[in-house]
Amino acid sequence: MKNIICLFIAPLICVGQNYNGPESIEYNMSDNSYFISNSGNSQILKRNEDGSLSVFVNNVGNGPYGLEIVEDILYACSGGGIKGYDINSGEQVLNYNIGGVFLNGITHFIDGAGGWLFITDFSDKKLYRYHIDTQEHLEIIGFA
């Protein structure tokens, strides 16, 4: 009986992770892996160099959608805000509400004044700038 139970349970365990609404991908040059937003499950997956797939974080919230790595933080668009996760531990280090409708695209720029994220709001047709160091944002473009 024990062997029969193992035959049924082992395949469920071995199936591992799969894609459910992958939306964005971000390359992690520190270990040659990829982070993938798995929007259908509110997860961020990690695809390692050997092709193995694992859950990096669960319960991201709405989405996640756009992804961007700045230094050791992976930023993710989630609903009307952005979340940040330490790429080494998966620990959430930021949960910031921009007040957007559907944040989707994200990129960054670093200059003498610090690091900036630029985030698009797909539904509300706005572009935001978020200062990583001061944790403040500003709407820089809005279309009616």
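Before looking up partners, I noted that two strands pair if DSSP finds at least two bridges between them. Strands (E, at least two residues) are DSSP runs, numbered from the N terminus.

I reminded myself that this is a predicted model, where local features need pLDDT of at least 70, side-chain atom pairs count only at pLDDT 80 or more, and totals for chains, interfaces and linings use all residues. Residues are numbered from 1 along each chain as its sequence is written, and side-chain values use heavy atoms, with hydrogens and water left out.

I found four strands in an open sheet, ordered 9-10-11-12, with antiparallel pairing. Strand 9 and strand 12 (136-142) are the edges, each pairing on one side only. From one strand to the next, the twist averages 20° (axes are lines fitted to C-alpha atoms, and angles run from 0 to 180 degrees between N-to-C directions).

**Strand 10.** I looked up its neighbours next. Seven antiparallel bridges link strand 9 (residues 103-111) to strand 10, and the hairpin they form has two residues between the strands.

Which residue of strand 11 is the bridge partner of Ile119? I found Tyr128. Ile119 is also the bridge partner of Ile106.

**The turn.** Four residues lie between strand 10 and strand 11 in their hairpin, and Lys125 in that turn has a positive phi of about 55°.

**Burial.** Six of the eight residues of strand 10 (residues 114-121) are buried, so this strand is largely enclosed by the rest of the structure. Buried means under 20% relative accessible area (1.4 Å probe, protein chains only).

**Last pair.** I saw six antiparallel bridges between strand 11 and strand 12, and Lys126 has Gly142 as its partner in strand 12.

Notes. Buried means under 20% relative accessible area, exposed over 50%, partly exposed in between (1.4 Å probe, protein chains only).
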